[in-house]
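This report looks at a ligand site and the pocket around it.

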Amino acid sequence: MCIFCKIIKGDIPSKKVYEDEKVLAFRDIDPKAPVHILVIPKQHVDTVDQLEDMSVVADLFAVMKKIAAEEGIAGSGYRIVVNHGKNAGQAVPHLHFHLLGGRELSWPPG
Ligand code: AMP
């Protein structure tokens with residue numbers, strides 16, 4: 001079982017910010033911005049490349065929009081990132097969206 005599935009199951013602790021029957025959101029353990037939240041589908045999918053049920057994306061985006069408002073970063077702006085595979089540096093093989101904000105973010109990413 002992957003580390004994020006263990007977090008979903010409750011076997012590994014996390015700082016949850018949102019949960020429903022399909023989606024879990026929790027604070028990144030190594031935050032790269034004042035707000036850095038991971039938003040994941042509860043159903044395991046390795047990467048965005050493996051995703052078949054695209055309705056999952058709508059669920060995740062609805063949650064990210066809600067969290068951004070709650071975290072107070074909707075007005076100042078934020079970034080949503082999905083890393084896929086080696087060149088993007090994907091470390092955890094469970095689809096996840098990074099929601100980053102709370103400071104000015106440089107572009108392009110390194
Ligand atoms: P990625 O490089 O896109 O696969 O991102 C994986 C993210 O998961 C990294 O930002 C890690 O800091 C984060 N991460 C790894 N383990 C945990 C954990 N147990 N709780 C919260 N975040 C984690």
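## Terms and basis

Ala, Val, Leu, Ile, Met, Phe, Trp, Tyr, Cys and Pro count here as nonpolar; Asp, Glu, Lys and Arg count as charged; the others, Gly among them, count as polar.

The model is predicted: local features need pLDDT of at least 70, side-chain atom pairs count only at pLDDT 80 or more, and totals for chains, interfaces and linings use all residues. Residues are numbered from 1 along each chain as its sequence is written, and side-chain values use heavy atoms, with hydrogens and water left out.

## The largest pocket

The ligand takes up the space of the largest pocket. A pocket is an open set of points on a 1 Å grid over the protein atoms alone, where a 1.4 Å probe fits, with protein on both sides within 12 Å along at least five of seven lines. A molecule sits in one if more than half of its atoms lie within 2 Å of its grid points.

The largest pocket holds about 810 Å³ of space. That volume is the space filled by probe spheres set on the points, which are joined across faces, edges and corners. Its lining counts 32 residues, each with an atom within 4 Å of a point. Asp28, Lys32, His36, Leu38 and His98 lie nearest the centre. By class, the lining has 16 nonpolar, 10 polar and 6 charged residues. H1 gives the most, with 3 residues. Helices (H or I, at least four residues) and strands (E, at least two) are DSSP runs, numbered from the N terminus.

## The ligand shell

Which polar contacts (N or O atom pairs within 3.5 Å) reach the ligand's oxygen atoms? A polar side-chain atom of Asp28 lies 2.5 Å from one oxygen atom. A side-chain N or O atom of Asn83 is 2.8 Å from an oxygen atom of the ligand. The protein covers 84% of the 510 Å² of accessible area that the ligand has on its own (Shrake-Rupley method, 1.4 Å probe).

## A cis peptide bond

The peptide bond from Trp107 to Pro108 is cis, with omega near 5 degrees. Pro108 is placed in the segment after E5.

Technical notes: A polar contact is a pair of N or O atoms within 3.5 Å; within protein, one must be able to donate a hydrogen and the other to accept it, and residues adjacent in sequence count only if both atoms are side-chain atoms.
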